[in-house]
Amino acid sequence: MSKTFKSSLSSSYCVVLACVGRSKLSRGSFIIFYCFKYLSILCDGNREWKSFHKERPAVRDREEGPAKPGEKFFGNFPFPYMNGFLHLGHAFSLSKLEFAAAFHRLDGANVLLPFGFHCTGMPIKASADKLAREVEKFGNPPVFSKDVEEEPAESQPGPEDASAGPPPDKFKGKKSKAVSKSGGQMFQWEIMRSVGLSDSEIAEFQKPGKWLTYFPPLAMQDLKDFGLGCDWRRSFITTEMNPYFDSFVQWQMRKLKDMGKIVKDKRYTVYSPLDDQPCADHDRASGEGVLPQDYTLIKMEVLPPFPLKFKALEGRKVFLAAATLRPETMYGQTNAWVLPGGKYGAFEVNGADVFILTERAALNLAYQGFSKTPKQPSCLVELTGYDLIVCPAMPPDDYMALWALKAKPAFREKYGVRDEWVVPFEIVPVINIPEFGDRAAEKVCLDLKIKSQNEKEKLAEAKRLTYLKGFTDGTMLVGEYAGMKVQEAKPLLRTKLIQTGEAVIYSEPEKRVVSRSGDECVVALTDQWYLTYDDPRWKESVEECLSRMNLYSDETRHGFEHTLGWLNRWACSRSYGLGTRIPWDPEFLVESLSDSTIYMAYYTVAHFLHSEDMYGANKTHPIKPEEMTDDVWNFIFCDGPYPASSEIDSSVLDKMKREFEYWYPFDLRVSGKDLIQNHLTFCIFNHTAIMARHHWPRGFRCNGHIMLNSEKMSKSTGNFKTLRQAIDEFSADATRFSLADAGDGVDDANFVFETANAAILRLTKEIAWIEEVLAAEASLRIGAPSTFADRVFENEINIAVETTKKNYEKYMFREALKTGFYDLQAARDEYRLSCGGGGMNHGLVWRFIDVQTRLITPICPHYAEHVWRERLMKDGFAVNAGWPTADSPDETLKAANKYLQNSIVLMRKLLQKQITGSRKSNKKAAPVATLTEEKITDEEILEALQKSSVGQDGNLKKMQKLCMPFLRLKKDEALAVGAQALNLKLPFGEIEVLQENLDLIKRKIGLQSVEILSATDHDAKAKAGALSSLLHQNPPSPGNPTAVFLIGNR
């Protein structure tokens, strides 16, 4: 060992010599009681907080220009759909914005958090129409069958309308007849009953307008009780019921059309036959994000003579129609496969041709121009697979199915397949694939040892290995495109097949899609208005905007990049539902995802138009809806020329423009990650088209879905809570506390009821403690912090201030809750215990209450405002008090305290071990041990030790025993405090730290006396008596004192 290293050890380590009495002090007991008088605080706070949302944010004069960096924060949230009550799914996403806005307000920023209510689209109209049909069929109120009343059930909500209130208990039992008749869904009347509405009230909801006047005010009240720090003057609903927002959307659509961003086109789109209109994502009960999948429909002509079953088809051209994604493989076709028991039909596609296919495929074709009567398939003959005389059911792979038919005569006989149909045929090489050759199917089946077409997992793997590779790397071997790469030949061959009449273009949904009206959707070729999201130049602008935005996670950024890869033209017009009329084609409405792309700008001026009337129906308002012309909107949002012809007062127009210029661009939009694929991407597209670059969005923060008690939130299982139910059960602040604790990031989070209940106890217990401390204020020590415990507690407060701010700035609210509340509470509890009979410092206690109140304010405002005004007796609001100031954290002091606390914990364990050991055998000497519980091994440290001069000098095992605990300690310190941890001396004096805290050590462990001795002092070693020799066997080291316990008085 080097002299330097020896010197550092000898000057640092110490021995703790402790005397223990024969009987240890018993620990006291305490009871936590819950006082209900505090519960209302967590919901209501005080009257001042209830009126906080009415405060008016200041807007500077226009001459001063836009807000300076960090001066303002404008955050928003996708307005929820108003066909029911808000639930915890809404609250979870919204809480991220609410906590962020409250933090920025606390940090001194001017904050705007507005909130609107979305009513555009078909869900409300569809539900109202369902009620009307049920009344017409079953009476008012409807009298359903007995089975309906005995076995209520409810379908799981989709992503948008999971807002109708839930039943109180879990549903059980089989589906009722009502559910079966409605395709797995309850009658609409029953759904309305389940949310607590009476029959007389439900009858009013046959009119769509009732939904718009009933649910938004209830949602607003729930959010106010939740404590949302919102400027309610700016709230509004959508649709033409609100003439101001209706004018705004019409201006937006006209502007996009004038820019060439909206065109009329004929394209394939997912379509609802029942609603007779395109079915976009938010119009769907299931299948959000599903797109049309294009196929090539190969026409295989059936040659006469026809079977008897085909007699009605004589004189027509009959084709077996098979859809494929790989038309280039048709060169090698040897067989066509059908389900023996499958239902097929001969459908008339025009005056002469007949396609044999399924009814579902015929329905899709009918909406794509292939039927005698548009949108109505015409079936001439109903058929089964047996009528078509072909193969076994659903072979997972053509090669294995053909092999099975050729190898098994009994198999052929079972399905009536003649020998000459299969036996003479071999697979035809069509494509050469590197690694698999020109007989890829055969080779991969041999490689994977596939023996049967029933080995589905192996066959799926075989397809995975060859299918995509055949397209990307394969080369054509036959036909006029021989020698050409498959991916180059495919579009050419597809075009040729279509031009020669041997195939047609066919499309159907990628997966099953069900509209909110309950019907299964098809793909239709529709002539309507589209937004040209496929425009390459427009996408370039979107990519530029994304590159400048803060998206807070790589997964979110990848989601946007993926969406831009597939996004095509988007149908923006509808013929059914609620909304704003397309201004140049009033037969159609603007669809719900197209009127909600730049409305964040509308928030900046909404209070000039609404003034707390969300419907814009105040007839005495100084600005009339018809005065909001395109020139006015352009002046406000697009820096257009002053609208000289406007009848609006010029000072008002200037104020509106200044308001927009001050708040825009918005800083943060918070949303569930499921909206990346539509709404959020559309938001960027429309902003880049309409707004100047300096007004483009700055940030999106996306989160996952919320689970309840580790299970998926679902109305059908009863694992569901509305926001109102959560507030009533847990209180507003405990709900917010649990939402913050549920998790951050894009993974699904977990709202735990136990956490919410524990939050009630934590917060109310804290209020009780504050009241007790303030009542006994005279018992607190006066003067500046002076003890080690004072300094440590003051440092812990400084640490909490710094780390919590960093967590809030990153919008990591679970971490902010930990550092700003849990850790700070633990530091306070440790401080109370450390102070002992000397008592706590008055100034530190008041500072702790002040700081903790401010740090928890964004999450628990009702609690915080109550403590701020009613207990600390301070003016104003805690949320406006400013972020607390603090000195830089002292990492050395933190390390010293950690050393102290760890030493005490391990001393207690060693003492317990000694007492237990002495009871077992009093003849043995009391054990002596270092304060390391076990030998710590670390490959990285050990490797460095082996290579060092210390490790190579002498017995490595002995060096490892001596050095590893110390080196591991230094590694941990280096990660915490940086390079200074590698100094040759500890950053604090061990003896001084332990000596200053003798009273704490005695109290925490239950000792009669304690002495702190230096291991280098020979006289000190003598005090260990017979045990002193053991100090050589287990010597102390820096950061690891050795404890020796002597039984009896000393």
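Helix α28 (residues 788-809) and helix α29 (residues 813-835) have axes that come within 8 Å and cross at roughly 175°. The axes are lines fitted to C-alpha atoms, for helices over the stretch in contact, with angles from 0 to 180 degrees between N-to-C directions. A friendly note on the source: this is a predicted model, where local features need pLDDT of at least 70, side-chain atom pairs count only at pLDDT 80 or more, and totals for chains, interfaces and linings use all residues. Residues are numbered from 1 along each chain as its sequence is written, and side-chain values use heavy atoms, leaving out hydrogens and water.

**The α28 and α29 pair**
- α28 and α29 are therefore roughly antiparallel (an angle over 145 degrees).
- Their contact (heavy atoms within 4.5 Å) involves residues including Phe793, Ile797 and Tyr808 of α28 and Leu824, Arg828 and Tyr831 of α29.

**The α11 and α22 pair**
- Helix α11 (residues 243-258) packs on helix α22 (residues 630-637) at an angle of about 80°, with the axes 10 Å apart.
- That makes the two roughly perpendicular (65 to 115 degrees).
- On the α11 side, Tyr244, Ser247, Phe248, Trp251, Arg254 and Lys255 take part, meeting Asp630, Trp633, Asn634 and Phe637 in α22.

**Helix α16**
- Lys449, with a positive phi near 55°, follows α16.

Terms used:
Helix = DSSP H or I, 4+ residues; strand = E, 2+ residues; numbered from the N terminus. Parallel < 35°, antiparallel > 145°, perpendicular 65-115°, else oblique.
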